[in-house]
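Student: I am new to this structure, and I would like to learn how to read its features one at a time. Could you take me through them?

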Amino acid sequence: GKGRAGNAIGGFVFQWSDGWWKYMQEVRLDIHDTNASWPNRGYPEDYVEGGNNMNEEWWGITAKGYPDDRGFYELYPRAAYYALKDAFTLDPYASGTDLAAIRAHFGAIHGVTAMHEARADRADLVAASLERVKLAGVRMEFETYSTGGSNVSTPPSEFPAATYPSYRGFDQMQSFYVDAQVNPTGAVTGDLSVNILGNVPVNPIDEIFYENRGRRVTVQTDDGQVELRDIERVKIYRASVRWEDEWFLLDGFYRAGHTHWGHEGDLFGLYRDAYYGENVDIYNGEAPVGLEMTGRKAFDGIKLVYGPQVWWGANPLVMVKYNRRVGRLDATAIFQEEFARQSSISSSVAIPLPPTRKATLQFATSIGPLGIEAGGIWSGSTKKGEEFQVAEEAAGGGYRILADEVLASDAFGAKGKVTYESGRWHWYAQGGYYGVVADGGPTQTITYTGWTLKESGIGNNANLLTGLAVNVGNFQIGPNFLWQKPVIGPIPADAPDPGRLRNVLDDPFAVRANREAVAGEIMITWDPNPASWMWAWDNDMREDASLAWSLGLVFRHFPTSMDAGIGILEDGRTTFAFPASTPPRDLWEVNARIVSAVRGGKRLVAHLFAGQAEPNGDDPRLVERFGGDARFTWGKMALAAHTKFNDFGPYDYHRDFNLTYPVQLMGDVSYSLGSPRWFGFPQTRIGIRGLWRSLDEHSPRYCPAEVPGPGGSLVCDPTAPGDNGTEWEIRTYFHVSI
């Protein structure tokens, strides 16, 4: 209006009216602005032309801190509070209170003293706020690699190759981890770990490892080949978040493991364990990723899982579990819906399958020493109508190839399990029938002892298992038996055209782990301290017996072959089906485990094995292998070693393609800050590791002779006569963990 002027300063609108500055804040209303100041002539004592003498923070004797999870702010006293507190200690009605006493009382109140007291309160608040985001840890890993060998295709250092290992010689690696923790409120906690790469070596003979993502990559473009450097130098290594509310518990995870639901009514193993140790790092996998929510109060008994890959190889899915007590029965229902096919492939042990939906229902109860579980599964209904081949024996010999299709009834299955425990006796029996496409999941739980014979959980399967574990003093003796047979058998290797082996990529089902089998095993365990259970996942660290051991012998009779397995090409992304599979055969294997916790901080864990093994791919060669590994710690020292003969290499492709080494030797010695930690947990230590392998015609990179190849180049001929080859590596490492 007439006679008024306006201006805007610091988010406020100021107006001059009747000789006074009035203000009205119109912006930045969503923040607690601690520096909203303006000039005001109404306070001439501290007014200076061109300067601001007013601030919204001047009002009030308390200030706002940070809000809690309900949105309420924590308040802390200002200097005015302490000044007023001292002022109000004067009793104005006391007999001695006169003008001189009032002046003396207020004269003794010092603003500086009040200000220091207020600063102490603010410092406490700031210190508490720093706990909301903090640096939780730092790791620095420095390593060197020296490699060499003979009769090996890896070239010497002056002739680097495009494949890995690129050369024989010296290289180095630096890998750094920064861990942070956030606590926005007492109910929410988050952890984040970031990996940062320095130099990435290209000469290690174990060529697949987490940091190799930073190697140079050559790509073909319209302008020719282009070399890409500094790829993924910084990457999220692991993250997790937990939100505890009165109505739910929410866990979010990225490459952070979670346990299964096998002890919570998941009889068919739909929700899988997701602790992979170093394997998910080796193959640079990104599992598990997702959210798990557990209901409370009115939602007690409900669990929900959602995510793009909640276990390694899982399709994007949502899964809901509901558990309720009905009389003497525990009833559990699970529903799983998959949205799309998983596109992330990093290992042949986690091949994504076509998306489908699943549902299970389980009932469990106990009657004295008897435990009873039974349930049904509905899985693979989305495959109804899909065609597949069947091989039928012809009257005159050979086979006829017929076409069939998945029926609605092929999606159903059932399973039951009975357990009995009384004194020294522990017995179980279980059986199941799964329709052609009624896939469940692997058995996640341990029944009594460390038996290895378990049902696969794959559809197209009928099975029976039973085992008995008897305690005799410190011994436990446990025989176990398995019979299984597919409802529809595999396509024989000699089937005529158009017959071919089925595979899980192109067909609604395939006969693999559910192949026909009759198997038995005997498990003998010596455990004088059963409180530290021999089969607990962390028994390596927790076992407190001076000596505990187990010995297991397994025999498997496979009267038929299998359908085709799945392999991954060298690019690590392209999958294919092998053209053939391993033949019918019998296999045996012996495994032993020894744990010793000796006085004086000494601990020994050793594993020994011997037996026969077959590849996952199409090579018919039977592998007869034996060897063992051990780790010994004493004070701050740790020794580790393994010795293997005619065994597969360390990666899944070695077993896929039946690649073995005549001899593998490894030795590692390290010195730690504090006691050595188990299971690969980070710690500050320095050490040296040596690895030596011999090579033959069944080994990768074996090169006894070179022959002319395409374009006049020379290529290795591993079948040429010649001596065995060798490859070796000496690694030094210095790891710092805070």
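Predicted model: local features only at pLDDT ≥ 70, side-chain atom pairs only at ≥ 80, totals over all residues.

Student: How many helices and strands does the protein chain have?

Tutor: Helices (H or I, at least four residues) and strands (E, at least two) are DSSP runs, numbered from the N terminus. In the protein chain there are six helices and 39 strands. The radius of gyration, taken over C-alpha atoms, is set against a globule rule of 2.2 Å times the number of residues to the power 0.38; here the radius is 35 Å, well over the 27 Å that the rule gives for 738 residues, so the chain is more spread out than a compact globule. Along its principal axes, the C-alpha trace spans about 125 × 75 × 70 Å.

Student: What share of the residues is buried?

Tutor: Buried means under 20% relative accessible area, exposed over 50%, and partly exposed in between (1.4 Å probe, protein chains only). Of the 738 residues in the protein chain, 43% are buried.

Student: How is a pair of aromatic rings described?

Tutor: A pair is described by the distance of the ring centres and the angle of the planes. Rings of Phe, Tyr and Trp (its six-membered ring) pair if their centres lie within 6.5 Å, and planes under 30 degrees apart count as stacked, over 60 as edge-to-face and the rest as tilted. The count comes to 23 aromatic pairs. Tyr177 and Tyr237 form an edge-to-face pair, with 5.0 Å from centre to centre and 75° between the planes. Tyr177 lies in strand 9 and Tyr237 in strand 13 (residues 234-244), so this pair ties together parts that are 60 residues apart in sequence. Both Tyr177 and Tyr237 are buried. Elsewhere, Tyr276, Tyr283, Trp312, Tyr651 and Tyr653 form one aromatic cluster.

Student: Is Phe170 buried or exposed, and which residues does Phe170 touch?

Tutor: Phe170 is in strand 9 (residues 170-185), and Phe170 is exposed, with a relative accessible area of 52%. Contact means heavy atoms within 4.5 Å; not counting residues up to four places away in sequence, Phe170 touches Thr144, Tyr145, Ser146 and Asn203.

How values were computed
Residues numbered from 1 in each chain as written. Heavy atoms only, no water.
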